[in-house]
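Visitor: Please take one part of this model and go through it closely.

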Amino acid sequence: MLADLSAADLEGLTARTRADYDAFRARGLKLDMTRGKPAPEQLDLAEGMLALPGNRDHISDAGEDARNYGGVQGLAETRALFAGTLGATPDRIVVGDNSSLALMHDTIVWALLKGVTGSERPWSKESDIAFLCPVPGYDRHFAICEEYGIRMIPVPLLGDGPDMDKVEELVRDPAVKGMWNVPKYANPSADVYSDETIRRLASMTTGAPDFRLFWDNAYVLHHLTDAKREILNVVDACAEAGNPDRAFVFASTSKMTLAGAGLSFFASSAANVKWFLASAAKRTIGPDKLNQLRHIRFLKDEAGLHAHMEKHRALLAPKFAAVTDALEAKLAGTGAARWTKPEGGYFVSVDVVEGAASRVVQLAKEAGLLLTGAGATWPHGKDPHGSNLRLAPSFPSLSDVKAASEGIALCILLAAAEVESAKRRAAAA
């Protein structure tokens, strides 16, 4: 542990780490670990989709012409294919275009303008609106709240989901209208919500009768190990608890097929789907049904979908192993950081010593490594501990991930040594 080193040993470690860092920086690398995008090799897995649905193949199982307007809810066979993944019957699923984030944005805006099922008035007519935000969390969730003036209340994640004692206390406030959740392989912590956590979320007493769980199941099939963790069906759990309209479930194929040309999904109760479609029908005359057919022709069935995701796992798992191996090799036993070993998802979450995250990002940038900004995983970009970093190893090549991970570990160790030295100087002053 750095804190246990003598002054001479700390000075020696700092000097050696600085020399290693300078040598790494001299390599002149340009590496980007900022966003969880699929790599070109992952996109190549779905290259066959570009020739689909094929000439004259534009009629759905129900006889609909997919080239034409209409069908706001999406093709029946598309909804059936993803019903198991979403945990809802096809009649309670809506298929959108390529972005689940767009669906989340729309549901927030519609709630503000019109309210949701069970609302007494539009949310924008309330004197105060707040969302619970498990942290570390997804910056784009927080950006939607920030854009529309929704107050954000951080809630710590504990490994099996959010601190439920804290959640149950906070939701008694009628101003708390919603809660963001990435319940499986969470971004970036890789938390997997336990059955108990999901049951408590489904059954808890809320001050707002129109409270909603925004359930972003973005990584539902994105396993990295043979464990293939599963979670409780939140739609069923809410119904069993007497709160059938509580959960808005979102997912997409963005990290399954073609990221810029995938499908997005909304699933919920029958009443919520009716509410969603009433607003969606004013926004669009229908989604891209040819793309829905393309997915059906390519994936074929649920077994085909799972087989396709196994190919993703084969590409991704070595990259995540490279990150955790480098951190273990350089940082184990130093106390400079702790990190997740995700079983799925797209990120590795690292907590460095308090106050060092910005310095790590700065050192990395000077060495040619781009990292997500310190604080991005907290509302308004303000991590009160200055410690969390989100690493995204999916897009670079495996060789680049190995090089970047080595450099990141050096930056973390050097920043931690600098912080420890500064503490000792301050204590001696």
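Visitor: Within what distance do the axes of helix 12 and helix 14 come, and at roughly what angle do they cross?

Guide: The axes of helix 12 and helix 14 come within 9 Å and cross at roughly 30°. Helix 12 is therefore roughly parallel to helix 14 (angles under 35 degrees count as roughly parallel, over 145 as roughly antiparallel, 65 to 115 as roughly perpendicular and the rest as oblique). Axes here are lines fitted to C-alpha atoms, for helices over the stretch in contact, with angles from 0 to 180 degrees between N-to-C directions. This is a predicted model, in which local features need pLDDT of at least 70 and side-chain atom pairs count only at pLDDT 80 or more, while totals for chains, interfaces and linings use all residues. Residues are numbered from 1 along each chain as its sequence is written, and side-chain values use heavy atoms, with hydrogens and water left out.

Helices are DSSP runs of H or I with at least four residues, strands are E runs of at least two, and both are numbered from the N terminus. Helix 12 covers residues 302–331, 30 residues in total, and spans 42 Å from first to last C-alpha, close to the 44 Å expected (1.5 Å times one less than its number of residues). Helix 12 bends by about 30° at leucine 316, the bend being the angle between axes fitted to the seven residues ending there and the seven starting there.

Now the ends of helix 12. At the start of helix 12, a side-chain oxygen of aspartate 301 comes to within 3.3 Å of the backbone nitrogen of alanine 303. After helix 12 comes glycine 333, with a positive phi near 85°.

Helix 14 (residues 398–428) has another partner in helix 13 (residues 357–366): their axes come within 9 Å and cross at roughly 130°. Helix 13 and helix 14 are therefore oblique to each other.

Key:
A polar contact is a pair of N or O atoms within 3.5 Å; within protein, one must be able to donate a hydrogen and the other to accept it, and residues adjacent in sequence count only if both atoms are side-chain atoms.
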